[in-house]
Amino acid sequence: MTDTAIPLSELSIPMYSGVPTLLRAPHRESLEGLDIALVGVPSEFTLYRNGTRLGPNQMRAVSAMVRPVNGETLLNPHELCTVADVGDAPVNPLNLAATNALLQEYYESLAAADVRPVSAGGDHGVTLPILRAIGDPDSPVAILQIDSHHDTHGSIFGEPDNHASFVRRVIEEGIVEPTAVFQVGIRGTLYNPNDLDWAREHGVNVMRAEEFFDIGLERAVERMLEVVGDRRVYITIDLDGVDPTIAPGTGVPEPAGLSHRDCRAFVQALGEHDVIGADVVELSPPLDPTGGTARIATNLLFEELCVVAAAITRARG
Ligand SMILES: [Mn+2]
């Protein structure tokens, strides 16, 4: 029987009251009895505008308005699984390599305890140590990546591990099946016309935003499901995949992106899949003091929680 952890109810504790936690889940230090850990990852090794280190706590603040039941699927992840905000994963704000090592070790402890992570970033570099920890080269996974950037650069400033290279690293390390990577929302200017060659040569499915808008949401989701197949899948949402007119609070925005509804549809479409974990990254609170970007981020974090909870429930039988 699941030891269900109940989020704060706005019906008994007002939304503006209580200690802020991710998705209003209870805060727990211990992984004991947990199915899903909501993890803040306050990392910031960004290449342009900064602020991602403040992302997790802004998502906690705006979590006040995220209620426990999914309005569309009527699923309550907190009833299906034991979910807690386990606080922030350890980072070294002065050292990327040390941060990656700390994060990998932390997520390995989650994997060892059979706890699936749903993470609030942090820059997109965090997805690399997360996948190194929970992935397995003997059983590579699929990825749904909503993003404006392909994140397959070989290295930047001589550094192979950075927030624009994680996809290439996880493919090179065999953790992810390249032909089962579905990237959507990719757009904007390139450094070179051949920037995407590596991805395409390795069979990564790159759906540029232009193509997405040409074929429409329904067909794009079908295409994503074809790519993912019946593989285990990890979901990563870079907020710069969302249109910057509604989500300006991110470091490297690109015009003409997806809506919140588009992103939600992609996540919900994986509701029957074995989703091993998920993240929402690149939220920069100082770049959107209204909190609008954070509200999109946090509601998408909730959608991710729902599909991970559904996956765990099915696996239990
Ligand atoms: Mn990215």
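The side chain of Glu 44 reaches the backbone nitrogen of Thr 52 at 3.0 Å. A polar atom of that Glu 44 side chain also lies 3.1 Å from the backbone nitrogen of Gly 51. The model behind these distances is predicted.

Where does Glu 44 lie? Its place is the loop between β1 (36-41) and α1 (55-62). Glu 44 has 13% relative accessibility, so it counts as buried. Leaving aside residues up to four places away in sequence, Glu 44 touches Asn 50, Gly 51, Thr 52, Arg 53 and Asp 123.

Turn next to strand β8. This strand spans residues 275-281 and is mostly covered. Seven of its seven residues are buried. Which strands pair with β8? Strand β3 (residues 116-121) pairs with β8 in the parallel sense, over three bridges. Strand β7 (residues 233-238) also pairs with β8 in the parallel sense, over six bridges. Val 280 of β8 takes part in both pairings. Ala 120 stands opposite Val 280. Val 280 is also the bridge partner of Ile 237. From β7, the chain crosses through helix α9 (residues 260-268) to β8. This β-α-β crossover is right-handed.

Now the aromatic rings. A search of the whole structure finds four aromatic pairs. One of them joins Tyr 106 and Tyr 107: their ring centres are 5.6 Å apart and their planes stand at 85°, so the pair is edge-to-face. The cut-off for that class is an angle over 60 degrees. Are these two tyrosines buried or exposed? Tyr 106 counts as buried because its relative accessibility is 17%, under the 20% limit. Tyr 107, at 0%, counts as buried too.

Phe 182 and Phe 266 form another aromatic pair, and this one is tilted. The distance is 6.1 Å centre to centre, with 35° between the planes. Phe 182 lies in strand β5 (residues 176-186) and Phe 266 in helix α9, so the pair ties together parts that are 84 residues apart in sequence. Both Phe 182 and Phe 266 are buried. These two rings also belong to one aromatic cluster, together with Phe 212 and Phe 213.

Helix α9 links the last two topics. It carries the chain from β7 to β8 in the right-handed crossover. It also holds Phe 266, the partner of Phe 182 from β5.

Definitions and conventions:
Residues numbered from 1 in each chain as written. Predicted model: local features only at pLDDT ≥ 70, side-chain atom pairs only at ≥ 80, totals over all residues. Heavy atoms only, no water. Buried < 20%, exposed > 50% of the residue type's maximum accessible area, 1.4 Å probe, protein only. Helix = DSSP H or I, 4+ residues; strand = E, 2+ residues; numbered from the N terminus. Pairing = 2+ DSSP bridges. Right-handed = clockwise from strand over helix to strand, strands pointing away. Phe/Tyr/Trp six-rings, centres within 6.5 Å; stacked < 30°, edge-to-face > 60°. Polar contact = N/O pair within 3.5 Å; in protein donor to acceptor, adjacent residues only side chain to side chain. Contact = heavy atoms within 4.5 Å.
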